[in-house]
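I opened the notebook to record what I looked up in this model, entry by entry. The sequence and the structure come first, and my notes follow.

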Amino acid sequence: MLNIVLYFQVHQPRRLGKYKVLHIGSNDNYFDDELNRKILNKVSDKCYLRTNRLLLSLIDRFKGEFKVSFSLTGSIIEQLRRYRPEVLESFRQLAATGQVEFMAETYYHSLSSLFDEEEFFDQVGMHSELMETEFGQKPVTFRNTELIYCDKVAELVSQIDQFKIILAEGAEKILGWRSPLYAYSTYNANQLLLLKYYQLADDIAFRFSNKSWLGFPLTVERFVEWIERLGLLERDGRELYVNLFMDYETFGEHQWEDTGIFAFLEHLPGCALKNGHIRFANPRDAIDSINYQPARLSVKEPVSWADTERDLSAWFSNSLQSNALRTYHDLLKKIKRSGSKHLIDVARGLSTSDIYYYMCTKYFNDGDVHKYFSPYDSPEQAYVYFINVLADLEKRIEKETLV
Amino acid sequence: MRILSLSWEFPPFITGGLGMAVYGMVRSLLKKGVAVDLVLPAKGKYFFSLRHPEDVDNLPRVVSQIGGEKATPHSMKELKDIIGSPLSVYQTTIGMRGFGGAVEDLGSSEEFGKILDTLNDEYYLFRQVLDYTGMTVDIGKEIGCDIIHAHDWLTFPAGILLKTILHKPLVVHVHATEFDRAGGAGDGRIHNIEYTGMKCADKVIAVSEFTANLIMEKYHIEKEKISVVHNAYVMKDCPVNHRRIFDEPTILFMGRITLQKGPDYFIEVARRVLEKNKNARFIMAGSGDMERQVLHRAAAMGLGTRFLSAGFLDRDEVEQILATTDILLLPSVSEPFGIAPLEAMSRGAVAIVSKSSGVAEIIQNAFKIDFWDIDQMASTILKLIENPREFAEMSKRGREEVANLGWDEAADKILEVFGQLQETAVC
């Protein structure tokens, strides 16, 4: 069978404000919550509410044959609770259908898997708990921030009992001649690996409305035909997984309504299910559906789904980013040693990967994407405000430690 | 004596030393009974008719076309509406348009052909200078004067034209040249305006020996025509008791982040100090073409939260940052004067200044070091932060010295220059 695994990432960072040197010591509000509220409202109206409603009706219409999965970060859930509780409620309705899987990740969508193991375990634990309270599911699938994956991540995840599956990017540099359609196992054979089929996923997420793309305009029929053709590769009846992972904001926000993106999503299940060899699945379904011994995949260098490099360069490639990350993680350790519960919470809010993403100085296409998402005028501004925030936090912890 | 004073900056609208210097000298000239009509880049045909020392603060304005109707702006906002922001000198962002008129006069001087070509250029700043020139000539023709006093190249075209039209002596006051600003060859069109201005002028006032030498060497202006009048310093507002930001010793760089000002030396000094003593904070205030480069360098050095960038600061923010500063470093490669050390010293900070700065010529109680000697600057900072007693002593002496550094003496020198010119005119 060809299993279509639709997984949507739902995340909005809590963006930092323009925090100046002169604010240090006199202003402990680091976030631009006015901006955060505005963006959340916009995305809620254009994407979340609308797409949730559509998914709910599709799940209802196809009676158990249509499935989707989500990962919602702690950052967005906190903001939804504060500004748009009805959106959270609509995610709960999706959870209640039983067709929707919620996955685990780091609570703050952080890079802790790379820089701070202890923090990684803490944040994954916090996030799993959140999934249980919000959606009544104890996650069995783990997806790391921005699909960052390597053997070290697998090793960390293996130390947490609950996880059976990890999602990662199906980058050529880790697959070589192999196909992302098969399920693999981690280097230590502890979890199944499902790899994003990025060509097809990006056809929807990035190229859907690109008029200069050869595939434009993308119809559901053509898309399903492409998927059907993939099935011809497998002659031994092994289960294939077409992993279409993307940002949820693809629907209505990155691809506006007038591109026809909602109509595309609406007609996808009906068209795909006409073919008896295609079904929709959640990542957790792979545990039972896999009918072969998965090959082990060892990934030494981290891969991610970001930018054309599909590596860590979006967050960790220039001196601003490395100084920011190093200074932050040193400070976080210091604050944890102090045991100040309140300041640990504040400091963790600064672990969100987007903060470092805004400092990226890569040019050309990816630079444009970074600019599209950034609330600042330049990567340098993003850096300056962040370092000022750290200087303030450092002062606060020194003061508390003295007392 | 009635002076027509032409400036691009004046408080509260200042970005650099120019506005503060013009403010200080105009106030002292007023004290000595000189009348000053001040023309600033404005969004209407206004000038400021200053007759008493306090006028430099309340800026009584006269609407030129309506024939001398006086009005004192009441709010800062109103003032801001009238005066075009001097920000546009280096950051061409804020619009000033609609002066019209007087442009036909621009052709009337022979020297002006080339300048006119420049000012008609697409480049926004030149268009602004053209507008300013037109407006100023109109005002000058209407109100007349005894002497025209033009500060820096932006006002030189207006000065030259008014001299031809009114047949009055022109004094050009050189606060900085394109050689200082560019830190290299600079813009040839601006050089031409500076050169023509100094050549047409009856007298050239330079803010330091440093600048006078540069004018002789680069513009070949004869020595006899140049007078050196060092800038002084007057605290415009009584410093409010602003809070300290950091407990640690705080070292400040304040100025444009550009080659001339030596910001790259500042970070090298920061690194050397922090290697020996982590207990210090370095703040860089200002903006400019090297900001990016300097930030990346500081980050690559891993200076973390010990090196902060405050960005461009307005006047109030400058006060706040000075209040938290212990040591001001001015590592300029080329600095005609440099007022920041005086501002900092008057608030109790210790200044370390480049030997290639005008300010080094007039102050005693500051450390004067070659701009390239980063080791010496670093060891001086270390010595100061590790010896509080020595720091306190230097701080006290510096503060006293600056307090006595009034504009009155400088104004006397300026008056002497004006007086000579008037005598010549009478003969």
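In which helix of chain A does Ile344(A) lie? I found Ile344(A) in helix H13 of chain A, residues 341-348, where helices (H or I, at least four residues) and strands (E, at least two) are DSSP runs numbered from the N terminus.

Before going on I noted the conventions. This is a predicted model, in which local features need pLDDT of at least 70 and side-chain atom pairs count only at pLDDT 80 or more, while totals for chains, interfaces and linings use all residues. Residues are numbered from 1 along each chain as its sequence is written, chains are lettered from A and ligands numbered from 1 in the order in which they are written, and side-chain values use heavy atoms, with hydrogens and water left out.

**Entry: Ile344(A)**

I looked up how covered this residue is, and Ile344(A) counts as buried because its relative accessibility is 14% (buried means under 20% relative accessible area, exposed over 50%, partly exposed in between, with a 1.4 Å probe and protein chains only). Leaving aside neighbours within four places in sequence, I found Ile344(A) in contact with Ile335(A), Lys336(A) and Gly339(A), contact meaning heavy atoms within 4.5 Å. I also checked Leu332(A), which is 12 residues from Ile344(A) along the chain, with 7.3 Å between the two C-alpha atoms.

**Entry: Arg238(A)**

I then turned to Arg238(A), which sits in the loop between helix H9 (220-231) and strand E8 (240-247) of chain A. Arg238(A) counts as partly exposed because its relative accessibility is 33%. Not counting residues up to four places away in sequence, Arg238(A) touches Met1(A), Tyr182(A), Asn291(A) and Tyr292(A). From Arg238(A) to Ala347(A) I read 47 Å, C-alpha to C-alpha, for a separation of 109 residues in sequence.

**Entry: helix H2 of chain A**

Helix H2 of chain A (residues 74-83) has 7 of its 10 residues buried, so it is largely enclosed by the rest of the structure. I listed the buried residues of H2(A) as Gly74(A), Ser75(A), Ile76(A), Ile77(A), Gln79(A), Leu80(A) and Tyr83(A). The buried residues of H2(A) pack against strand E1 (2-10), H1, strand E2 (68-72), helix H3 (85-96) and helix H5 (117-135) of chain A.

**Entry: nonpolar cores**

The largest nonpolar core has 105 residues, and Phe70(A) and Tyr248(A) have the most contacts inside it; such a core is a set of buried Ala, Val, Leu, Ile, Met, Phe, Trp, Tyr and Cys residues joined through side-chain atoms within 4.5 Å. Helix H1 of chain A (residues 33-61) gives the largest share of this core, 9 residues. A second, separate core of 78 residues includes Leu4(B), Val22(B), Val174(B) and Trp407(B). Among the residues that Tyr248(A) touches beyond four places in sequence, I noted Phe8(A), Cys47(A), Leu55(A), Phe70(A) and Phe91(A).

**Entry: domains**

Chain A is divided into domain 1 (2-296) and domain 2 (319-402), with bounds that come from an automatic or database domain assignment. The C-alpha centres of these two domains of chain A lie 25 Å apart. They bury about 2,600 Å² between them, 59% of it on carbon and sulfur atoms, where buried area is the accessible area (1.4 Å probe) that two parts lose on being put together, summed over both.

For chain B I recorded domain 1 (2-233 + 407-422) and domain 2 (250-403), with 20 residues of domain 1 of chain B in contact with 20 residues of domain 2 of chain B. Between them, these domains of chain B bury about 1,700 Å², 64% of it on carbon and sulfur atoms.

**Entry: strand E11 of chain B**

In strand E11 of chain B (residues 281-285), 5 of the 5 residues are buried. Arg281(B), Ile283(B) and Ala285(B) point one way from E11(B), and Phe282(B) and Met284(B) the other way. Strand E10 of chain B (residues 250-254) runs parallel to E11(B), joined by 5 bridges (two strands pair if DSSP finds at least two bridges between them), and Thr250(B) stands opposite Arg281(B). E11(B) also pairs with strand E12 of chain B (residues 307-311), in the parallel sense over 4 bridges, with Ala285(B) opposite Gly311(B).
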